[in-house]
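Dear colleague,

I am handing over the structure below, together with some notes on its strands. Please read the notes with the model open beside you.

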Amino acid sequence: MTMRLWTFKRPFQYDGNDYEVRYSFSFKSYTSELFYNGTLVDKCSHLFDGDFKVVEHKFQPTSQPNNQTKALFVSVGYFSWLNVGIEVREDNNLIYESHPGRDIHFATKKLKNLGVSHNSIEANDKRDLQNEKWQKNKPSILADIGTGAAFFIVAKVTGDLTIAAFTGVFLGLSLVVIQRFVKVDLLGGFAVFGTIMLLISAIFSIVFQSEYLVQLKGTFMGVISASALIIDGVLNKGGYFGARFERYLNSPIQHKYFVLGLAVIGLCMAGLNFSVASQLTEDQWLTYDTFVETPIYLVMFFILVWRAGKKLI
């Protein structure tokens, strides 16, 4: 059974009956369901294949004696990158819009303008490459998420960041041991680097009797990684880190530009972590570290990937 990440619900009424569209998506697919008085009457599912198709539902309500009903056509699509709307038509007449004035073909048109074609051979090859990379990197990504979740849970339960840090260290070292006995890559992400920084932070917190140093692990990581990236970008034109990151991306990048941009992001994240650790409470920092920091980093990272690609000649 596919795990649903989110479900949009769009109810409407027609001819005295209750209808509802439930549009849900997972990592690999999206599904639209049409309900009539609580009963599922139509269902459409599609794989994410480089496009966000506008889903079309057709439903013919049961005709009553001497009362011929007309077919309903319900269209479901994105009117922004983050929200879904519906349009309901009786034959060719529009009778309902969940978001009046908004174009539910927004995502399809945007992707078409960007030259994305889900039917092209190039797009199919690209999707195959993406799927291959995801399958290869999934174990290490899940290992990173699991280690971070363990740190958060232990810190919440015990209220002790040092214990949480050593728990993360133990899990990180366990991954190193397990890796020797399994073929999947558990160490391809940032688990090892994060484990080392947790160990340094935990030791410092014991030596100096300060959990605040555990909170600064993100600052340490940002400064150290940025320093290494700057050295590679300036002295080696990004030949080491740039070439390795390129393996995980779907298009070529300008190595020096990308590596130096990544260093800037690292310094920004280091400064942001320091500000949160210094100005907010330990509990607020823990929430930031677990749920806020990564989304901010990913937004900046993907903007950098886009800009680094644009720099190619």
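In what follows, strands are DSSP runs of E with at least two residues, numbered from the N terminus, and two strands pair if DSSP finds at least two bridges between them. This is a predicted model, in which local features need pLDDT of at least 70 and side-chain atom pairs count only at pLDDT 80 or more, while totals for chains, interfaces and linings use all residues. Residues are numbered from 1 along each chain as its sequence is written, and side-chain values use heavy atoms, with hydrogens and water left out.

Strand S1 and strand S2 (residues 17-25) pair in the antiparallel sense over nine bridges, and Tyr-14 stands opposite Asn-17 in S2. Both strands belong to an open sheet of four strands, ordered S1-S2-S3-S4 with antiparallel pairing. Its edge strands are S1 (6-14) and S4 (39-47), each of which pairs on one side only. Neighbouring strands of this sheet are turned by 15 degrees against each other on average, direction ignored, where the axes are lines fitted to C-alpha atoms and angles run from 0 to 180 degrees between N-to-C directions.

Further along, strand S6 (residues 72-78) is mostly covered, with six of its seven residues buried, that is, under 20% relative accessible area with a 1.4 Å probe and protein chains only. S6 pairs in the antiparallel sense with strand S5 (residues 55-59) over five bridges, and Val-76 in S6 is the bridge partner of Val-55. S6 also pairs with strand S7 (residues 84-90), again in the antiparallel sense, over seven bridges; here Ser-75 stands opposite Glu-87 in S7, and the two strands form a hairpin with five residues between them.

With best regards

Note on methods. Buried means under 20% relative accessible area, exposed over 50%, partly exposed in between (1.4 Å probe, protein chains only).
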